[in-house]
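Here is a short briefing on the model shown below.

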Amino acid sequence: MIKKGKPAQEIVKTIEEEGIDLVVIGASGKHGLNRLYPGNVTESVVRLASCPVLVVK
């Protein structure tokens, strides 16, 4: 599925439209202290999603 728009908003919208039960999303590949925190898109999806979100590194 390919969509245009802001990634986090489109992912959350797709979750609602498709009735998704679980989202698996990657954390950004940063180094140093930043590697402890998820990326902006990942963080937004975790906060806004109506279903569980599994973040993998």
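Buried means under 20% relative accessible area, exposed over 50%, and partly exposed in between (1.4 Å probe, protein chains only). This is a predicted model: local features need pLDDT of at least 70, side-chain atom pairs count only at pLDDT 80 or more, and totals for chains, interfaces and linings use all residues. Residues are numbered from 1 along each chain as its sequence is written, and side-chain values use heavy atoms, leaving out hydrogens and water.

**Surface**
- Leu 54 is partly exposed, at 43% relative accessible area.
- Leu 54 lies in strand S2 (residues 53–56); strands are DSSP runs of E, at least two residues, and helices are runs of H or I, at least four, numbered from the N terminus.

**Helix H1**
- The 12 residues of H1 (residues 7–18) should span 16 Å at 1.5 Å a residue, and the end C-alpha atoms agree, at 16 Å apart.
- The expected span is 1.5 Å times one less than the number of residues.
- Ala 8, Glu 10, Val 12, Thr 14 and Ile 15 are buried in H1.
- These buried residues pack against strand S1 (23–26) and helix H2 (40–48).
- Gly 19 follows H1 and has a positive phi, near 65°.

**Core**
- The largest nonpolar core has 7 residues: Ala 8, Ile 15, Val 23, Ile 25, Val 45, Ala 49 and Cys 51.
- H1 and S1 each supply at least two residues of this core.
- A nonpolar core is a set of buried Ala, Val, Leu, Ile, Met, Phe, Trp, Tyr and Cys residues joined through side-chain atoms within 4.5 Å.

Methods
Contact means heavy atoms within 4.5 Å.
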